[in-house]
Amino acid sequence: FPSHDIKVLDWQDDIKKFDFLPGRNDVFLVLVNSGLYAVEADGRSERNVQAVYTNKIDDFLIGPNNKIFVRDGNRFFELTI
């Protein structure tokens, strides 16, 4: 693979899951033990990382109409970004 086709994300915690932020192809949602983060994919400068949900959650998914849902135990939340 040419080096410009490979995106590398070095994270301190194990990445449990990731997906694209709805409506974007340059920002990932990344789930780690400490929460859910939006991570800019462009690595030409220092990568922009923003907390989306900072409680420990079990899972997230992108639902209908590009809505983001998180599961925290038996509770489900819809996030507005």
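Predicted model: local features only at pLDDT ≥ 70, side-chain atom pairs only at ≥ 80, totals over all residues.

Biologist: Which residue does Asp26 form a salt bridge with?

Modeller: Arg24. Their closest N and O atoms are 2.9 Å apart.

Biologist: And Arg24, what's its relative accessible area?

Modeller: For Arg24 the value is 42%. That makes Arg24 partly exposed.

Biologist: OK, stepping back. How many salt bridges does the structure hold?

Modeller: There are 5. One of them joins the side chains of Arg71 and Asp58, at 3.7 Å from N to O.

Biologist: Where do Arg71 and Asp58 lie?

Modeller: Arg71 is in strand 6, residues 68–72. Asp58 sits in the loop between strand 4 (49–53) and strand 5 (59–62). The two parts are 13 residues apart in sequence, so this pair ties them together.

Biologist: How accessible are they? Start with Arg71.

Modeller: Arg71 has 32% relative accessibility, which counts as partly exposed. Asp58 is partly exposed too, with a relative accessible area of 40%.

Biologist: New topic: Asp72. Buried or exposed?

Modeller: Buried. Its relative accessibility is 17%, and the cut-off for buried is under 20%.

Biologist: What does the Asp72 side chain meet in a salt bridge?

Modeller: The side chain of Arg75. The N to O distance there is 3.2 Å.

Terms used
Residues numbered from 1 in each chain as written. Heavy atoms only, no water. Salt bridge = Lys/Arg side-chain N within 4 Å of Asp/Glu carboxyl O. Buried < 20%, exposed > 50% of the residue type's maximum accessible area, 1.4 Å probe, protein only. Helix = DSSP H or I, 4+ residues; strand = E, 2+ residues; numbered from the N terminus.
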